[in-house]
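Have the sequence and the 3D view open side by side. This report walks through the fold, from its core to its surface.

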Amino acid sequence: MTRKYIYLILAIFGFIVPYYFLISFLSAHGFDARLFFQQLLGTPISTFFAVDLIGSSFVFIVYLGQEGARRSMKHKWIYLVAVLTVGLSFALPLFLFVRETHIEPTPSK
């Protein structure tokens with residue numbers, strides 16, 4: 001299995017697993033933003049993980065802009081939407097999957 005398809009599998013995994021937990025929360029509590037943030041930031045360790053993830057997502061967005069421009073990748077906005085709606089666990093491997101397409105040598109005719 002190539003690195004490209006490993007990234008695709010990780011992107012699928014990174015979409016399904018976080019949404020499983022989000023859907024579980026929404027099923028139990030509905031769309032209760034106050035409770036969501038209360039649980040997200042309720043302890044120092046959960047705040048640590050939230051802040052680390054936000055920081056990592058920001059770094060990815062900067063990398064996305066630079067690497068996307070360097071590789072002349074189109075539709076970079078898709079990965080921004082992915083990181084903001086699903087998360088870094090989906091957006092990063094999805095970006096790396098598409099990036100591999102731009103890196104792979106094209107077959108000679």
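## Basis

This is a predicted model. Residue numbers start from 1 along the chain as its sequence is written.

## The nonpolar core

Start inside. The largest nonpolar core has 16 residues. Within this core, Phe60, Tyr79, Phe90 and Phe95 touch the most other members. Helices H1, H3, H4 and H5 each supply at least two of the core residues. H5 gives the largest share, with seven residues. In soluble globular proteins, nonpolar side chains tend to be buried together.

## Phenylalanine 95

Phe95 is found in helix H5. Is Phe95 buried or exposed? Its relative accessible area is 0%, so Phe95 counts as buried, the cut-off being under 20%.

What does Phe95 touch, leaving aside neighbours within four places in sequence? The contacts are Phe60, Tyr63, Leu64, Glu67, Gly68, Met73 and Tyr79. Two of these partners, Phe60 and Tyr79, are also among the core residues that touch the most other members. For a distance across the fold, take Phe95 and Gly14. They are 81 residues apart along the chain, and their C-alpha atoms are separated by 12 Å.

## Helix H4: two faces

H4 spans residues 77-85. Its buried residues are Tyr79, Ala82 and Val83. These three cover an arc of only 95° around the axis, so they sit on the same side of H4. The buried residues pack against helix H3 (44-70) and helix H5 (88-103). Tyr79 is one of the contacts of Phe95, and Phe95 is in H5.

The face turned away from the buried side carries Trp77 and Leu84, both exposed. Thr85 is also found in H4. Thr85 counts as partly exposed because its relative accessibility is 46%, between the limits of 20% and 50%. Thr85 and Leu26 are 59 residues apart in sequence, and 15 Å apart in space from C-alpha to C-alpha. Just after H4 comes Gly87, with a positive phi of about 145°.

## Salt bridges

How many salt bridges are there? The count comes to four. One of them joins the side chains of Arg3 and Glu100, at 3.4 Å from N to O. This pair links distant parts of the chain: Arg3 is in helix H1 and Glu100 in helix H5, 97 residues apart. With a relative accessible area of 7%, Glu100 is buried. Leaving aside neighbours within four places in sequence, Glu100 is in contact with Arg3, Lys4 and Tyr7.

The side chains of Glu67 and Arg71 meet in a salt bridge at 3.0 Å, N to O. Glu67 is buried, with a relative accessible area of 5%, whereas Arg71 counts as partly exposed at 25%. Glu67 also forms a salt bridge with Arg99, where the closest N and O atoms are 2.7 Å apart. That pair links distant parts of the chain, with Arg99 in helix H5 and Glu67 in helix H3, 32 residues apart. Both Arg99 and Glu67 are buried. Salt bridges that share partners join Glu67, Arg70, Arg71 and Arg99 into one network.

Which residues make the nonpolar surface patch of about 730 Å²? They are Ile12, Phe13, Phe15, Ile16, Val17, Tyr20 and Phe21.

Tyr20 lies in helix H1, which covers residues 3-29. Tyr20 has a relative accessible area of 52%, so this residue counts as exposed, the cut-off being over 50%.

Terms used:
Predicted model: local features only at pLDDT ≥ 70, side-chain atom pairs only at ≥ 80, totals over all residues. Heavy atoms only, no water. Patch = residues over 30% accessible without salt bridge, like charges linked within 9 Å, V, L, I, M, F, W, Y side chains within 5 Å. Areas by Shrake-Rupley, 256 points an atom, 1.4 Å probe, with all protein chains shown as cover. Helix = DSSP H or I, 4+ residues; strand = E, 2+ residues; numbered from the N terminus. Buried < 20%, exposed > 50% of the residue type's maximum accessible area, 1.4 Å probe, protein only. Arc of directions from axis to C-beta. Contact = heavy atoms within 4.5 Å. Core = buried A, V, L, I, M, F, W, Y, C linked by side-chain atoms within 4.5 Å.
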